[in-house]
Amino acid sequence: EMEVRFDWSEQIANEVFKNSFLYLAELINIDSKYKDRNILIVYNPLPWPRRDIVNFTCIDRKSSGEKFPYNIKIIDSEGRELEYQHKYIEEIPRFTRDLAISHNFTFIADIPACGYKVFYILPSISTIEFNKGDDNFKISRETLENKFYQINIRSNGFIDVLDKETG
């Protein structure tokens with residue numbers, strides 16, 4: 001019986017959180033030129049600024065292969081285009097549509113303390129290649145290396161991590 005009550009309380013808490021966030025989202029001023037676009041609001045409940053990974057999933061019509069049906073760009077509230085990663089994910093979405101495919105998008109965001117930031121997901125004519133500078137990152141079959149770490153993957157499955165600053 002306690003397990004059932006815990007499930008109920010979790011469902012109620014999720015519903016209260018969802019409705020509260022929807023109410024707060026309606027109070028946010030959205031840039032008028034993006035009014036009819038997809039908007040992503042990221043909230044930071046912590047009392048300090050946070051730089052962290054943001055993930056979101058899109059479900060769209062299946063096209064040929066695993067490619068997203070159109071190019072997108074992610075713009076922050078200051079108008080800067082952000083780098084992002086995209087990958088096809090095999091999952092059965094909660095509300096399944098015939099011929100649907102799921103895509104996961106990931107980017108890094110800086111969110112103010114106890115605050116939020118608005119991101120706009122816009123269609124794009126072409127994708128922009130962001131220059132990472134090949135000198136900072138090296139990858140091979142057994143090694144990953146950047147200016148901070150060197151990671152060696154041994155044939156027995158063990159991983160050695162070397163912090164270049166501390167040795």
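A nonpolar patch is a set of nonpolar side chains joined within 5 Å, in residues with over 30% relative accessible area and no salt bridge. In this predicted model, Phe148, Tyr149, Ile153, Ile159 and Val161 make one such patch of about 470 Å². Two elements, β10 (149–153) and β11 (159–163), each give two or more residues to the nonpolar patch. Tyr149 sits in strand β10.

The overall fold was examined next. The protein has one helix and 11 strands. Of the 167 residues, 22% count as buried. The accessible surface comes to about 13400 Å². Carbon and sulfur atoms account for 52% of that surface. Contacts were also sorted by sequence separation. Among those between residues at least 6 apart, 61% join residues at least 24 apart.

The largest nonpolar core has 13 residues. Within that core, Leu40, Phe56, Ile74, Phe107 and Phe119 touch the most other members. At least two core residues come from each of β1 (38–44), β2 (50–61), β3 (71–76), β6 (100–111) and β7 (115–124). Strand β6 supplies the largest share, four residues. Beyond its neighbours within four places in sequence, Phe56 contacts Leu40, Ile74, His103, Asn104, Phe105, Phe107 and Ile121. A second core is separate and has eight residues, among them Ile30, Tyr34, Val118 and Tyr120.

A polar residue is also found buried. Asn44 lies in strand β1. Its relative accessible area is 1%, under the 20% limit, and Asn44 is therefore buried. A polar atom of the Asn44 side chain lies 3.2 Å from the backbone oxygen of Pro112. With residues up to four places away set aside, Asn44 touches Pro49, Arg50, Ile111, Pro112, Ala113, Cys114 and Gly115. One of these contacts, Cys114, belongs to the loop between β6 and β7. Cys114 has a phi near 45 degrees, a positive value in a residue other than glycine. At 51% relative accessibility, over the 50% limit, Cys114 counts as exposed.

Charged pairs were then considered. Side chains of opposite charge can pair when their charged atoms come close. The structure holds nine salt bridges. In one of them, Arg50 and Asp52 meet with an N to O distance of 2.8 Å. Arg50 is partly exposed, with a relative accessible area of 35%. Asp52 is likewise partly exposed, at 34%.

Glu78 and Arg80 form another salt bridge, with their closest N and O atoms 3.1 Å apart. Arg80 counts as partly exposed at 47% relative accessibility. A further salt bridge joins the side chains of Lys164 and Glu145 at 2.5 Å, N to O. This pair links distant parts of the chain, 19 residues apart. Lys164 is in the segment after β11, and Glu145 is in strand β9 (residues 143–145). Lys164 is partly exposed, with a relative accessible area of 36%. Shared partners also join salt bridges into one network, made up of Asp76, Glu78, Arg80 and Lys117.

Conventions
Residues numbered from 1 in each chain as written. Predicted model: local features only at pLDDT ≥ 70, side-chain atom pairs only at ≥ 80, totals over all residues. Heavy atoms only, no water. Buried < 20%, exposed > 50% of the residue type's maximum accessible area, 1.4 Å probe, protein only. Contact = heavy atoms within 4.5 Å. Areas by Shrake-Rupley, 256 points an atom, 1.4 Å probe, with all protein chains shown as cover. Core = buried A, V, L, I, M, F, W, Y, C linked by side-chain atoms within 4.5 Å. Patch = residues over 30% accessible without salt bridge, like charges linked within 9 Å, V, L, I, M, F, W, Y side chains within 5 Å. Salt bridge = Lys/Arg side-chain N within 4 Å of Asp/Glu carboxyl O. Polar contact = N/O pair within 3.5 Å; in protein donor to acceptor, adjacent residues only side chain to side chain.
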